[in-house]
Amino acid sequence: MTPIIWSIAGTDSGGGAGLSADQRAADAFGVHLCPVVAAVTAQSTVAVTQVQPIPPDLLDAQLAALADDMPPSVIKTGLLGSAAHARLVATWVDRLRRRAPLKLVIDPVLRASTGAGFADAELLQVYRDELLPRANVVTPNQNEAVVLLGGRGSNTVPALAATLQQLGAQAVVITGGDTATPQLSLDWLQTPHAHGWLSLPRVDSTNNHGTGCTFATSLAAALARGFVAADAAVLAKMATTHALRQARAVGQGAGPVVAMPGFGTDPSLLPHLSLGEQAPVAWPAPHRGPAPGVYAIVDSAERVEAVLSARPTAPTIQLRMKRPAGLDDTTWAAQLTQAIQRSQRVADAAGATLVVNDHWRLALQAGARALHLGQEDLLALTPEDHGQLQAARQRGVTLGLSSHSLWELCRAAGMAPDLIACGPVWATTTKDMPWRPQGLDNLAWWAHMAPAPVVGIGGILEPAQLQAVAEAGAAGGCVVRGLGAEPSNTLPAWLDAWHLGTANRPSGAVPPLPHPMLPT
């Protein structure tokens, strides 16, 4: 069934912002928008000459007319026009939430891009007291965040977001369209799952009317499609940047951005997510590492030897050793170093690539030339760690990173890795994880969109599954338990499946959007 969202906002007689932009964004996501008029504006591309809030009882009648026939999964607010309207929205949110789950996205439209003010002190107070505590996501720009908070807290963007969360908003995205950044468009993301700067190369266009409305409605539409806030923000960033690229000049001032389908399959629209509060200043060049093919994962040097003794053998093998409980640091470091060096010698002799998982500092000291990090290890990196990794990569050490969601894919992409893992493709018992299976559809999307070769991992237990991973466009597929006790007996079937899959890859089989990876 088509998801339904309500947008409670203002009309724009120039067709640029407000409900006009909201409708275009909803259509781009394939959701049904119910446009609820809260205010009528007289505006063009150069000025807003009048704003007239509708009577509160008429706003109430619109919501009542929709409630039983077309109840929303998400409500998005834009220009509300008065404190009475904001209170009415809060009342309806509570009423609807007693019937069914409902998400609320607040786009606090406080001032037009032409300079006209839309909010008085009373309305601002209702935002703080009644709407923010009910909001799943709030999407102000930086100036709106400052006004909304009334001078509370620091004016740094991350601090503004944290203060908005303290007022009750579950997640905050402070959009950066009004921030002077020479090369990049930056939005600060602060959600229960992730925080950091979402960045894309800036679109140099004076036709930018309606970007805030487009972003907020795109985010609401993504929430309606089942994405958590962090992933919804990624899709909203993509859709809004695409809309900026499609903007058209009408009238004498700033023309409207034009949201439309197609944003979800353009790799140049995949944003990066920073690891911390330091804003990026440049867009890194992507690294295109070699295709790993059949990617064996083992837990000991002995297993490395068993796999690489097979003929033919796996072209890529990962050593993933877990520290035994109770082992002291010195003994563990010695055992791991010995295992890495022993495995590296065997891999060199077999002409295979050895990848060491997680223990990157010891791996570099032991002479490893390929590393793989999970997201937890990535988040634990200090600035000094980054410097050490960068120096190693300049020496030719390759880096692979794990990803399970859109925001993790964006965080990995920001590191310009040589390989990105996508998983779990199918349900797996190797790890206890919250993620829904990616399936072959998400894997195909990852392989198409990622700025580095993608390897599928998770639940690959039969050669036919590995063949399907190859056919989805992945550059590699991970085999763990499927290696069995005697890899020399099992590897030929895995290698044959991979070669068959790469030979049978269909063209253009990429879904318009991925499916959600986490339950909401």
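Visitor: Which residue lies over the face of tryptophan 92?

Guide: The model is predicted. A charge is judged to sit over a ring by its distance from the ring centre and its angle to the ring normal. Here arginine 95 lies over the face of tryptophan 92, 4.3 Å from the ring centre.

Visitor: How many aromatic pairs are there?

Guide: There are four aromatic pairs. One of them joins phenylalanine 29 and phenylalanine 263, with 4.8 Å between centres and 45 degrees between planes, a tilted arrangement. This pair links distant parts of the chain, 234 residues apart: phenylalanine 29 belongs to helix α1 (residues 18–29), and phenylalanine 263 to the loop between α8 (229–245) and β10 (272–273). Both phenylalanine 29 and phenylalanine 263 are buried.

Visitor: Why is the pair of tryptophan 188 and tryptophan 197 edge-to-face?

Guide: Planes over 60 degrees apart count as edge-to-face. The planes of tryptophan 188 and tryptophan 197 stand at 75 degrees, with ring centres 5.2 Å apart, so this pair is edge-to-face. Tryptophan 188 and tryptophan 197 are also buried.

Visitor: Is histidine 404 buried or exposed?

Guide: Buried means under 20% relative accessible area. Histidine 404 has a relative accessible area of 16%, so this residue is buried. Histidine 404 is found in the loop between β15 (398–403) and α14 (406–413).

Visitor: With which side chain does the side chain of histidine 404 make a polar contact?

Guide: The partner is the side chain of glutamate 408, at 2.7 Å. Beyond four places in sequence, histidine 404 touches several residues, among them Trp435, Trp446 and Met517.

Notes: Residues numbered from 1 in each chain as written. Predicted model: local features only at pLDDT ≥ 70, side-chain atom pairs only at ≥ 80, totals over all residues. Heavy atoms only, no water. Phe/Tyr/Trp six-rings, centres within 6.5 Å; stacked < 30°, edge-to-face > 60°. Helix = DSSP H or I, 4+ residues; strand = E, 2+ residues; numbered from the N terminus. Buried < 20%, exposed > 50% of the residue type's maximum accessible area, 1.4 Å probe, protein only. Lys NZ or Arg CZ within 6 Å of the ring centre and 35° of its normal. Polar contact = N/O pair within 3.5 Å; in protein donor to acceptor, adjacent residues only side chain to side chain. Contact = heavy atoms within 4.5 Å.
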